[in-house]
Amino acid sequence: MPGTMNGGGKIPPSVQATFEDALARLPDGYVDGYFDNRSWGVTVKRSEDGQRTWLYGEELSGTDIVSFNLYRLAGPGSILKPCEMSSPKVIEFVLGFEPSREKGAPRP
């Protein structure tokens, strides 16, 4: 994802590709799951044209949240826009989140 900014620099392409792959495997809509041994509820919405992905997640027994938009550019690459949090927090969450198999669609 060239062009994705992480504070003062770019996120390495290999991390960005892994992040986008993990995000693509999350089902549309709401799913329960686990991150860092804590229960989370996550909603993913994708625009009809595939140019924007929105994710909002909240810790079900706590106060932590994760929220961001990912915009695909006309050329190669994407831009990650976290909502009032760091890009590394968003990336860590998407890479580590595991949807529950019994309540939501499993990751392929």
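**Confidence, fold and aromatic core of a predicted chain**

Where pLDDT is low, the predicted coordinates should not be read in detail. The mean pLDDT of the chain is 86, and 85% of its residues reach 70 or more.

The model is predicted: local features need pLDDT of at least 70 and side-chain atom pairs count only at pLDDT 80 or more, whereas totals for chains, interfaces and linings use all residues. Residues are numbered from 1 along each chain as its sequence is written, and side-chain values use heavy atoms, with hydrogens and water left out.

Two helices and eight strands make up the secondary structure of the chain; helices (H or I, at least four residues) and strands (E, at least two) are DSSP runs numbered from the N terminus. The order of elements from the N terminus is β-β-α-β-β-β-β-β-α-β. Of the contacts between residues at least 6 apart in sequence, 40% join residues at least 24 apart.

Of the 108 residues, 38% are buried, that is, under 20% relative accessible area, with exposed meaning over 50% and partly exposed in between (1.4 Å probe, protein chains only). The largest nonpolar core has 21 residues, and those with the most contacts inside it are F19, L55, F68 and F93. Such a core is a set of buried Ala, Val, Leu, Ile, Met, Phe, Trp, Tyr and Cys residues joined through side-chain atoms within 4.5 Å. At least two residues of this core come from each of α1 (13–25), β3 (29–35), β4 (38–46), β6 (65–72) and α2 (87–96). Helix α2 gives the most, with four residues.

Aromatic rings of Phe, Tyr and Trp (its six-membered ring) pair if their centres lie within 6.5 Å; planes under 30 degrees apart count as stacked, over 60 as edge-to-face and the rest as tilted. The count comes to six aromatic pairs. W40 and F93 form a tilted pair, 4.7 Å centre to centre with 55 degrees between the planes. W40 lies in strand β4 and F93 in helix α2, so this pair ties together parts that are 53 residues apart in sequence. Both W40 and F93 are buried. The ring centres of W54 and Y56 are 6.4 Å apart and the planes lie at 10 degrees, so that pair is stacked. W54 is partly exposed, at 22% relative accessible area, and Y56 is partly exposed at 27%. F35, W40, F93 and F97 form one aromatic cluster.

Definitions and conventions:
pLDDT = per-residue confidence, 0-100. Contact = heavy atoms within 4.5 Å.
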